[in-house]
Amino acid sequence: MPPTLASLVHHSALKLTVRAGEDRLDVPVRWAHVSELADPVPYMEGGELLLITALKLDAEDREAMRRYVKRLAGAGVVGLGFAVGVNYEEIPEALVDAAREEGLPLLEVPRRTPFLAISKAVSAAIAADQYRAVTAGFAAQRELTKQALNAGPEGLLGVLAAQVDGWAALYDASGAVVAAAPEWAGRRAARLTAEVERLRERPAPASAVVGGPEHEDRIELHSLGTGRRPRAALAVGTAAALGTAERYAVHSSIALLTLTTERSRSLHAAEQRLGTAVLRMLLAGEPDHARAVAGDLYGGLLDAPFRMIVAESVSGTAARVHADAHGHVAKPVSGGATLVADAGGDPLGGLTESVEAAAARSGEAVLVVPEGGRLVVLAADGGAAVAACTQYAAALEAARALPEQAGGDEEELVVGLSAPAGPIAAAAAYKQAEQALSVARRRGRVLVEHEQLAAGSVLPLLADDAVKAFADGLLRALHEHDATGRGDLVASLRAWLSRHGQWDAAAADLGVHRHTLRYRMRRVEEILGRSLDDPDVRMELWLALKATSTE
C-alpha cells in the first residue's frame with residue numbers, strides 16, 4: 001500500500017499531531033512538497049502533503065485562511081503540515097478552523113522534526129510500495145506463466161482474477177466468450193459483446209475502459225494479437241482502478257495470451273496444410289488414405305455425413321453486372337456492413353472466422369482449406385459450422401437490401417453448399433457445391449444449397465446468356481420463316497411439344513386442321529434438318545422455346 005497520512009502520523013520518529021481532518025487520514029500521499037508561496041496551487045498535481053511555516057501567510061486572518069485552505073482542497077492537496085516554533089509557536093486558530101470547515105487534514109509538525117525527514121519518510125514508503133508491487137508482479141508473472149503452460153487460458157484467467165481481486169474473460173475472434181474466471185463471470189462478460197466488437201474494429205493493440213450505471217464494476221478491454229486485426233480480446237473487471245501490482249499481472253496476461261494466440265496461428269497453419277492434403281485425397285477417391293492422414297484431428301469428421309462448402313469473393317461491380325444481365329436485383333454489400341467490416345473488408349476471412357469460431361465453441365471438427373480466391377470447407381452435417389455459414393450468408397443477404405449499401409466495388413461473397421455426403425462421395429459433393437456456387441453467382445445470391453436446385457425448377461437456369469444464345473441460334477431459321485408470312489411454325493412447334501405430340505389436341509389449340517399441323521411439323525424438320533422423332537431434339541427445342549420466352 002502507498003503511504004497515507006495515517007501511516008505518517010503513526011511514524012514514531014516524526015512525532016506528528018493531528019489538529020483537523022481526523023476522519024480523512026486514510027488518503028494516499030503521492031508526495032511531500034514544501035512551499036511558502038501564498039498561492040502554491042499552480043504547482044500542485046494533486047495527492048500531495050503540503051508542508052509550510054507560514055512565512056508569507058497571515059495565518060491569523062480567518063478570511064485569508066479560509067480562501068487559502070479552500071484552494072488547496074480544490075487542487076487535490078490531501079493534507080497540510082504546519083511547522084510550529086518557526087514563525088508561530090502554535091498553529092493559529094484561524095487556520096485550524098478553516099481546515100476543519102473544509103475537511104482538510106491538518107498536521108502539526110514539531111520544531112525538532114525537519115521537513116526533510118517527512119519527505120524522506122514519504123519517499124521511502126513510496127519506494128517500498130513500488131518494490132512490493134514489482135515483486136508481487138514478478139511472482140504473479142511466474143504463476144501466470146505456469147498456468148498458461150500447464151492449464152491453458154482457463155488456468156491463466158483464474159490466476160489473473162485472483163490477482164486483481166475481480167474477474168477476467170477471454171473472447172475469440174468472433175467476439176464470443178471462450179473462458180471466464182470465476183465461473184459466474186461468464187454471464188457478465190457476455191454482456192460486453194458490443195464493446196468487444198467496437199474494440200475489434202480498431203488496429204491492434206487496442207484497449208478501452210468500460211464503466212457506467214449499466215455496469216457493476218470497472219472493466220478494461222484489451223485486444224490480443226500482433227496482426228492488423230485482433231485475434232482475441234481480454235476483459236478484466238475490478239471494483240476500482242488497478243494498482244501497480246495488478247497492472248503488472250494484466251500486462252503479463254496480455255503478453256502470454258498473445259503468445260498463445262500466435263502459437264495457435266502457427267499450429268492452425270500446419271493444420272490447414274494437413275487439411276489440404278486430406279481434401280485432395282478425398283477428391284481423388286482415396287477416403288482410406290485420407291482417414292489415415294487425418295488421424296484424430298479430422299477423423300471424426302470423416303466418419304459421419306458432412307457438407308462441402310465452396311465460397312469465393314467477387315467484386316461488387318462484377319456481381320451486379322452479372323446479376324442485372326439476368327434480370328436479378330443484387331445490391332452490393334458495402335464495406336460498411338457490419339460483418340464485412342468485421343472481416344476487414346475480406347468476406348472470405350469473415351466467413352472463415354465465423355465457421356471456425358462456431359466449430360470451436362461446439363467442440364466439433366471442421367476442415368477449412370483456402371484456395372487462392374476461394375475457400376473450401378468440410379463440416380459436419382447439421383453442425384454448428386454449417387449453421388454459422390448459413391447465418392453469415394443470411395446476414396450479408398440482408399445487408400444487400402439496405403439502401404445505404406448501394407454502390408461501391410467492395411468484395412462480395414458467393415457460397416455453394418452441397419447435399420450431405422460421406423467420404424466415398426466427397427468428389428460428388430464438391431461438384432455439387434461448385435454447381436450451387438455457379439447458380440448463386442448467376443442469380444446474384446450470397447448462398448445457394450444444392451438441395452434447393454434439386455427440389456426446384458430447371459427453368460431459372462435457362463436465363464444464362466449461353467443458353468439464350470444457343471436457343472436463338474437453334475430457332476433463328478424458324479423465326480425467319482415466320483417473318484415472311486408463310487406460316488406460324490414457332491407457335492405450332494410450341495403447341496405440338498406442349499401436347500406431347502398429340503396431333504388433334506395441338507391442332508385444336510391452334511385452331512387449325514391436324515393435317516395442316518402435320519405439314520407445319522414436316523417444314524420444321526426440313527428447315528432445322530432434325531427429326532422430331534428424336535427425344536433429344538424435342539427436349540432441346542422445348543428448352544430453347546422456354547429460354548426465349550423468358551426474355
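**Group meeting: a sheet, its core and a helix**

Let me start with contacts. Residues 24 or more positions apart make up 64% of the protein's contacts with a separation of 6 or more. Contact here means heavy atoms within 4.5 Å.

Some ground rules. This is a predicted model; local features need pLDDT of at least 70, side-chain atom pairs count only at pLDDT 80 or more, and totals for chains, interfaces and linings use all residues. Residues are numbered from 1 along each chain as its sequence is written, and side-chain values use heavy atoms, with hydrogens and water left out.

Now the overview. The protein has 20 helices and 15 strands. Those are DSSP runs numbered from the N terminus: helices are H or I with at least four residues, strands are E with at least two. Of the 551 residues, 46% count as buried, meaning under 20% relative accessible area with a 1.4 Å probe, protein chains only.

On to the sheet. Five strands form an open sheet in the order S1-S5-S4-S3-S2, with mixed pairing. Two strands pair if DSSP finds at least two bridges between them. Strand S1 (17–20) and strand S2 (31–34) are at the edges with a single partner strand each, so one side of each has no neighbour in the sheet. On average, neighbouring strands are turned by 30 degrees against each other, direction ignored. Axes are lines fitted to C-alpha atoms, for helices over the stretch in contact; angles run from 0 to 180 degrees between N-to-C directions.

Look at S2. It pairs with strand S3 (residues 48–52) in the parallel sense, over four bridges. Tryptophan 31 has glutamate 48 in S3 as its bridge partner.

What lies across S1, strand S4 (79–83) and strand S5 (106–109)? Helix H3 (residues 93–102), running at about 75 degrees to S1.

Next, the core. The largest nonpolar core has 25 residues, and Tyr68, Leu80, Phe82 and Leu106 have the most contacts inside it. Such a core is a set of buried Ala, Val, Leu, Ile, Met, Phe, Trp, Tyr and Cys residues joined through side-chain atoms within 4.5 Å. S3, helix H2 (62–74), S4 and H3 each supply at least two residues. H3 gives the largest share, five residues. Leucine 106 touches residues including Val18, Leu80, Phe82 and Leu95, leaving out those up to four places away in sequence.

Last stop, helix H18 (residues 503–510). Ala505, Ala506 and Ala507 are buried there. Their cover includes helix H17 (489–498) and helix H19 (514–528). Glycine 511 follows H18, with a positive phi near 75 degrees.

Key:
Buried < 20%, exposed > 50% of the residue type's maximum accessible area, 1.4 Å probe, protein only.
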